[in-house]
Amino acid sequence: MKHTEGRLAGKVAIVTGAGCVGPGWGNGRAIAVRFAQEGARVFAVDKDLSAMDDTLALVREAGGEAAPYACDVTDSKAIAKLVAACVETYGTIDILVNNVGGPARGGPIALSEEDWDSQIDINLKSVFLMCKYVMPVMEAKGSGSIVNISSTSGIRWTGSAAVGYAAAKAGVIQFGRVVGVEYASKGIRVNSVLPGQLHTPLVDMVLARDQSGGDIQTLLKRRQARIPMPFMGDGRDTANAALFLASDEARFVTGAEILVDGGMSARCD
Ligand SMILES: NC(=O)c1ccc[n+]([C@@H]2O[C@H](COP(=O)([O-])OP(=O)(O)OC[C@H]3O[C@@H](n4cnc5c(N)ncnc54)[C@H](O)[C@@H]3O)[C@@H](O)[C@H]2O)c1
């Protein structure tokens, strides 16, 4: 799709964590590709450039446009440079998707202080810092859409104690509500997507190691058992929700959340 056509025609979108820990549809990869399919020019950010190789190939296959950029989104100086580079490359920023994040297992006793700090940094501080540097560009033009990728772990128990992750993801939701209200009159919308138990490469490569001794099938069975729908979604489901929130179709939606969890959060048994 040319960047003059589609649901995001003419928009410039920063997507953080646009790579993936493995082959397949992670959230960040799927968001970058879906947005490019809908006409956005995507400034694709990852701390690991090679993790974005497949993402860029899929964007090209879709006839879309993306520029890769290496940045650790917990580093404020690097983020300031990232924002300047995006504006230099594409002239502006219309959409910011804060996708970087990931869990570390453990409650208050098991989780080390260092792991707690790094969970807050990667899942919550990254959102704050990206907004801090991107929002002035949006404020100056009087429009913008920010989509934060939170998690159902921010609102409920999801099968294992990951207290730093859960607290940080809850923080992301409330961050979005407060900033959404503060900037409602300035044309900047802020919303969250809460994916549930997806089947993404992160689950196969990281969670299976941490939660089931590397036994992917056992972990997938446990995750599926929590979901009313008879299958697990993947990054493309997160991407479709993010696409709606990022687009002008959601012009009256701010400070809100979309659950993408196959009905899991609506069930209480
Ligand atoms: N997979 C699931 O089931 C699930 C469920 C709920 C929420 N989520 C959320 O989805 C988001 C990520 O999903 P994904 O599938 O894209 O994950 P992923 O781990 O496959 O990919 C994330 C990318 O982020 C990059 N990254 C990590 N730390 C970074 C940093 N500090 N700076 C820049 N880049 C960094 C990695 O290199 C990787 O390429 C996270 O916020 C996660 O909490 C996932």
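Q: Under what condition does a residue count as buried?

A: A residue is buried if 20 or more other C-beta atoms lie within 10 Å of its own. In this predicted model, the buried residues of helix α8 are Gly235, Asp237, Thr238, Ala239, Ala241, Ala242, Leu243, Leu245 and Ala246.

Q: Is α8 largely enclosed or open, and why?

A: Because nine of its 12 residues are buried, α8 is largely enclosed by the rest of the structure.

Q: Which elements cover the buried residues of α8?

A: The covering elements include the strands β1 (12-16), β4 (95-98), β5 (144-149), β6 (188-195) and β7 (256-260), together with helix α1.

Q: What does the span of α8 show when set beside the expected value?

A: Helix α8 covers residues 235-246 and reaches 16 Å from its first C-alpha to its last, which is close to the 16 Å expected at 1.5 Å a residue.

Q: Which residues does alanine 66 contact, leaving aside its neighbours within four places in sequence?

A: The contacts of alanine 66 are Ala32, Ala36, Val42, Ala44, Leu56 and Val59. As for leucine 56, it lies 10 residues from alanine 66 in sequence, and the two C-alpha atoms are 6.8 Å apart in space.

Q: How are α6 and α7 placed relative to each other?

A: An angle of 65 to 115 degrees between axes counts as roughly perpendicular. The axes of α6 and α7 (residues 216-224) come within 9 Å and cross at roughly 90°, so the two helices are roughly perpendicular to each other.

Q: Which residues of α6 and α7 meet?

A: From α6, Val203, Asp204, Leu207, Ala208, Gln211 and Ser212 meet Ile216, Thr218 and Leu219 of α7. By class, this contact has five nonpolar, three polar and one charged residues.

Q: How many residues surround the ligand, and which are the closest?

A: The ligand is surrounded by 29 residues, the closest being Gly17, Gly19, Gly26, Gly28 and Gly101. The elements that give two or more residues to this shell are α1 (27-37) and α6 (201-212). Helix α6 gives the most, with three residues.

Q: How does the shell around the ligand divide by residue class?

A: The shell holds 12 nonpolar, 13 polar and four charged residues. In this classification Gly is counted among the polar residues.

Notes:
Residues numbered from 1 in each chain as written. Predicted model: local features only at pLDDT ≥ 70, side-chain atom pairs only at ≥ 80, totals over all residues. Near = placed C-beta within 6 Å. Helix = DSSP H or I, 4+ residues; strand = E, 2+ residues; numbered from the N terminus. Expected span 1.5 Å × (residues − 1). Contact = placed C-beta atoms within 7 Å. Axes fitted to C-alpha atoms, helices over the stretch in contact; angles between N-to-C directions. Parallel < 35°, antiparallel > 145°, perpendicular 65-115°, else oblique.
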